[in-house]
Amino acid sequence: MAVQNLSEVYGRTLVALGAENPNVVALEADLGKSTMSCLFEAAYPQRHFEMSIAEQNMASFAAGLALTGKIAFINSFAVFATGRAYDQIRTSIGIPGLNVTVVGTCAGLSDFGDGSTHQAIEDVAIMRAIPGMTVIEPCDGPEMAAAVRAAAAHPGPVYLRVHRADWPDVTPSDRAFVIGQPYVLRQGSDAVVFAAGAMVHRALEAAETLTGEGIALRVVNVPTLKPVKDADLRALTEGVRAIVTAEEHTINGGLGSVVCLALRGDGRPVECVAIQDVWGQSAASYGDLVGHYRLTAGDIAEAVRIALRKA
Amino acid sequence: MDATIAFLEGKARALRRKIVREIGWGKKGHLGGSCSAADLVTALYFGKMRIDPRNPGWPDRDRFLLSKGHGALVQYAALAELGFFPEAELDRVKTLGSILQGHPDRKLCPGIEANTGSLGHGLSIACGIAAGLRLDGRKSKVYVLVGDGEQSEGQIWEAAMAAKAFKLDNLVAILDRNRLQAMGPIVERFDSNPHADKWAAFGWRVIEIDGHDMRQIVGALDAADQGGPTVIVANTVKGKGIAFAENNPAFHNGVMTKEQYEQALAALAA
């Protein structure tokens with residue numbers, strides 16, 4: 001099982017796309033070695049725009065490129081890509097529905113050293129709030145590569161949430177990525193956990209732990225956080241007694257909100273593993289933060305136990 | 001030349017009549033900033049720009065973006081006069097389902113290039129279009145009208161640096177320097193003067209003109225073809241051509257009485 005860095009997969013895929021389609025362009029806000037847009041810059045300098053430390057201009061500039069038929073990818077840390085340029089994404093890109101992909105790297109707590117200013121924990125919520133915006137959070141290399149291609153082919157705006165850490169491939173080799181499709185990654189009939197991005201790996205680990213306790217946990221990967229059909233999410237809960245969500249994001253406006261809205265009136269217990277309404281902080285390791293904010297596989301397993309007890 | 005100038009001055013009067021008609025009486029509308037830009041917009045749409053009203057998406061057209069999107073009424077007036085959409089649409093401005101929104105919407109209105117209205121965006125979008133056109137080897141020019149109140153937006157200066165960095169010589173910014181923002185004189189707020197010096201310091205070619213002198217406008221637009229990025233600092237009067245609205249902050253987004261409405265139309269009669 002290959003372990004891949006998701007930013008590197010993103011960067012390599014963008015270069016491959018650039019070779020296939022001369023309309024693909026990339027814009028970077030002085031973080032090219034982190035976002036890995038530096039690979040595209042080296043391959044296609046004419047189609048790479050170094051926009052310096054000016055994310056607002058970068059977003060609107062990308063809208064202009066899209067208006068001439070270009071397929072634009074704008075790159076920065078997730079906090080700045082979505083937060084600093086929010087109004088530009090909303091109005092320059094979102095209202096006209098342009099083909100611009102906002103790529104936010106170092107998402108969640110993955111930039112562990114830099115602290116709360118650099119840890120995007122509300123990016124999914126603010127991007128999901130934009131009408132017509134597609135929000136994708138890949139969990140591994142194959143899903144990232146497929147998501148980049150899907151974003152380029154999608155006519156409207158996309159937010160691509162990129163986690164900085166390395167992750168093992170878990171996507172089934174026969175799995176075709178389609179925007180908007182959650183799917184069962186591991187079968188189970190007692191409870192279901194809906195997970196996205198890094199949390200998919202922790203959910204799989206939790207499922208393994210719970211097997212030893214006689215609990216069969218279904219793991220559903222939700223790579224598209226918008227759009228996702230309520231009916232699809234409800235169908236994926238068929239037969240289970242309890243539901244858990246797991247996201248490396250604030251509890252407000254992310255996957256937990258998506259699932260709870262979809263299941264409103266369902267009656268079965270739902271537990272949400274997420275960052276509470278608090279800021280991130282610096283830590284010596286990523287693991288320290290995952291533990292502190294109660295996002296571990298153990299936390300997911302415990303949430304499943306609690307939900308099943310309520311069932 | 002004299003005939004061209006007279007033609008353009010006639011068109012500018014026609015646009016101002018349309019602006020007054022779009023607002024009507026007893027209703028709010030951005031009269032001041034639409035009229036300050038009317039001569040500039042006229043010179044672009046009826047003189048300088050290569051456009052085709054029957055083919056708004058013509059790839060080789062010149063582009064015009066209204067970064068000060070609240071001045072939409074003057075752009076709608078020009079597009080209607082050129083036949084981009086039926087003139088009757090002008091009576092439906094800002095009504096439910098209209099193609100003519102309070103601020104320009106490219107998905108709804110033929111001839112609109114970009115969605116503007118949140119100030120500061122348009123210059124950046126124009127830069128991106130200029131860069132995209134250059135990648136495609138097209139000779140089209142990109143014109144973008146910015147307000148002087150809008151100069152307070154930091155994004156304007158991000159875009160100014162980008163245009164210089166990417167040597168966008170197909171980009172022309174026109175600064176509608178009408179000296180008033182929504183709540184009053186710019187000099188009493190964040191005084192964005194001196195405009196010409198600021199733009200020059202950012203590496204732009206600067207041409208300063210009287211933004212209501214059609215001869216100067218035409219000359220500046222032609223001069224802007226000689227390299228860039230170029231900014232034309234156009235000194236204008238907010239509400240120009242509507243006596244009661246000239247230099248009157250109340251008509252940034254004001255309401256005309258029936259008497260004022262009729263007075264404005266009479267003064268602008270063909």
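This is a predicted model: local features need pLDDT of at least 70, side-chain atom pairs count only at pLDDT 80 or more; totals for chains, interfaces and linings use all residues.
Local features need pLDDT of at least 70 and side-chain atom pairs count only at pLDDT 80 or more, while totals for chains, interfaces and linings use all residues. Residues are numbered from 1 along each chain as its sequence is written, chains are lettered from A in the order in which they are written, and side-chain values use heavy atoms, with hydrogens and water left out.

**Nonpolar cores**

- A nonpolar core is a set of buried Ala, Val, Leu, Ile, Met, Phe, Trp, Tyr and Cys residues joined through side-chain atoms within 4.5 Å. Buried means under 20% relative accessible area, exposed means over 50%, and partly exposed lies in between (1.4 Å probe, protein chains only).
- The largest nonpolar core holds 78 residues, and the members that touch the most others are Leu27(A), Phe61(A), Phe194(A) and Leu171(B). Domain 1 (3-168) and domain 2 (183-310) of chain A each give this core at least three residues; the domain bounds come from an automatic or database domain assignment.
- Another core, of 61 residues, lies apart from the largest one and includes Ile121(A), Tyr183(A), Ala206(A) and Ile215(A).
- Contact here means heavy atoms within 4.5 Å.

**Where chain B meets chain A**

- On the chain B side 23 residues are in contact with 25 residues of chain A.
- About 1,900 Å² is buried between the two chains, and carbon and sulfur atoms give 63% of this area. Buried area is the accessible area (1.4 Å probe) that two parts lose on being put together, summed over both.
- Leu135(B), Glu158(B) and Phe166(B) supply 28% of the area that chain B buries against chain A, more than any other three residues.
- One salt bridge is counted between the chains. A salt bridge is a side-chain nitrogen of Lys or Arg within 4 Å of a carboxyl oxygen of Asp or Glu. Lys70(A) and Asp136(B) meet in a salt bridge, at 2.7 Å from N to O.
- Helices α5 (121-135) and α6 (154-165) of chain B each supply at least two residues of the side that touches chain A. The most comes from α5(B), with 10 residues. Helices (H or I, at least four residues) and strands (E, at least two) are DSSP runs, numbered from the N terminus.

**Salt bridges within the chains**

- Over all chains, the structure holds 34 salt bridges.
- In chain A, the side chains of Arg164(A) and Asp111(A) form a salt bridge at 3.5 Å, N to O. These two residues are 53 residues apart, Arg164(A) in the loop between β7 (158-161) and β8 (166-168) and Asp111(A) in the loop between β5 (100-105) and α7 (123-128). Arg164(A) is partly exposed at 31% relative accessibility, whereas Asp111(A) is buried at 2%.
- Arg161(A) and Glu137(A) form a salt bridge, with the closest N and O atoms 3.0 Å apart. Both residues are buried.
- In chain B, Arg215(B) and Asp2(B) form a salt bridge at 2.9 Å between the closest N and O atoms. Arg215(B) lies in helix α8 (residues 214-223) and Asp2(B) in helix α1 (residues 2-23), 213 residues apart.
- Arg215(B) is partly exposed at 40% relative accessibility, and Asp2(B) is exposed at 53%.
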